Amino acid sequence: MTTTKKEVSPMKQYAMDAYKEAKRLDDHGTFEEVIESIPVMYNGTTGNSYSMRNIFILFQQVAKSGKKMESEFAGFGQWKNAGMKVKKGAKAFYVYSPLIKKEKDSEGTDYTTVKGCFFQAVFAKSDVETI
């Protein structure tokens, strides 16, 4: 019986490629220069900044799409809650999001923990319009 190598999902491949690119830049002493040139990227509805890992993942996906880089991205529901709708045919980009679970300790006190992460679809501000 022959086993085949499991296919890597495109989004996981983006993440792995972004990590390799960051490592390559760091090895050549240019990583800091790249970081300084990166615009602040944030969630267009909450104002929270994206992590450096998500910025690299977004950069790579935007470059492959041929679109212009933007600084505001948010999920479908977040844009909807902000009074915007995603345009028909808009292509999603993906970022890592924490998988947060609410739990109770032995004394009944609520707390949250991060159980892992998943790929969250986000859309650029140019891909939304006012409702």
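## A tour from Phe119 to the core

Select phenylalanine 119, which counts as partly exposed at 26% relative accessibility. The model you are viewing is predicted. Tyrosine 96 and phenylalanine 119 make a stacked aromatic pair, with 4.6 Å from centre to centre and 25° between the planes. Tyrosine 96 sits in strand β4 and phenylalanine 119 in strand β5, so this pair links distant parts of the chain, 23 residues apart.

**The whole chain**

Zoom out and colour by secondary structure. The protein chain has four helices and six strands. Along the sequence, they follow the pattern α-α-β-α-β-α-β-β-β-β. Of the 131 residues, 27% are buried. The accessible surface comes to about 9,300 Å², and carbon and sulfur atoms account for 54% of that surface. Take contacts between residues at least 6 apart in sequence: 61% of them join residues at least 24 apart.

Select β4 (93-104) and β5 (110-124). These two strands pair in the antiparallel sense over twelve bridges. Isoleucine 100 has valine 114 in β5 as its bridge partner. For lysine 101, the bridge partner in β5 is threonine 113. Then go to the turn. Five residues lie between the strands of this hairpin, and glycine 108 takes a positive phi near 85°.

**The sheet**

Strand β2, residues 72-74, runs antiparallel to β5 and is joined to it by two bridges. Look across from phenylalanine 73 and you find alanine 124 in β5.

**Phenylalanine 73**

Stay on phenylalanine 73. Is this residue buried or exposed? Phenylalanine 73 is buried, with a relative accessible area of 1%. Show its contacts, leaving aside neighbours within four places in sequence. Among them are Met41, Tyr50, Leu58, Val62, Trp79, Phe93 and Val122.

Next, display the rings. The whole structure holds two aromatic pairs. Phenylalanine 73 and phenylalanine 93 have ring centres 5.9 Å apart and planes at 90°, so their pair is edge-to-face. Phenylalanine 73 belongs to β2 and phenylalanine 93 to β4, so the pair ties together parts that are 20 residues apart in sequence. Phenylalanine 93 is buried too, at 5% relative accessible area.

Now widen the selection to the largest nonpolar core. In soluble globular proteins, nonpolar side chains tend to be buried together. Here that core has ten residues: Met41, Tyr50, Ile55, Leu58, Val62, Phe73, Phe93, Val95, Val122 and Ala124. α3 (52-65), β4 and β5 are the elements that give two or more residues. Which element supplies the largest share of this core? α3 does, with three residues.

Select Trp79, Val86, Phe123 and Val128, which are among its six residues.

**Last stop: α3**

Finish with α3, phenylalanine 73 and phenylalanine 93 on screen together. Both phenylalanines belong to the ten-residue core, and α3 gives that core three residues.

How values were computed
Residues are numbered from 1 along each chain as its sequence is written. This is a predicted model: local features need pLDDT of at least 70, side-chain atom pairs count only at pLDDT 80 or more; totals for chains, interfaces and linings use all residues. Side-chain values use heavy atoms; hydrogens and water are left out. A nonpolar core is a set of buried Ala, Val, Leu, Ile, Met, Phe, Trp, Tyr and Cys residues joined through side-chain atoms within 4.5 Å. Buried means under 20% relative accessible area, exposed over 50%, partly exposed in between (1.4 Å probe, protein chains only). Contact means heavy atoms within 4.5 Å. Two strands pair if DSSP finds at least two bridges between them. Accessible areas come from the Shrake-Rupley method with a 1.4 Å probe; for residues, only the protein chains shown count as cover. Rings of Phe, Tyr and Trp (its six-membered ring) pair if their centres lie within 6.5 Å; planes under 30 degrees apart count as stacked, over 60 as edge-to-face and the rest as tilted.
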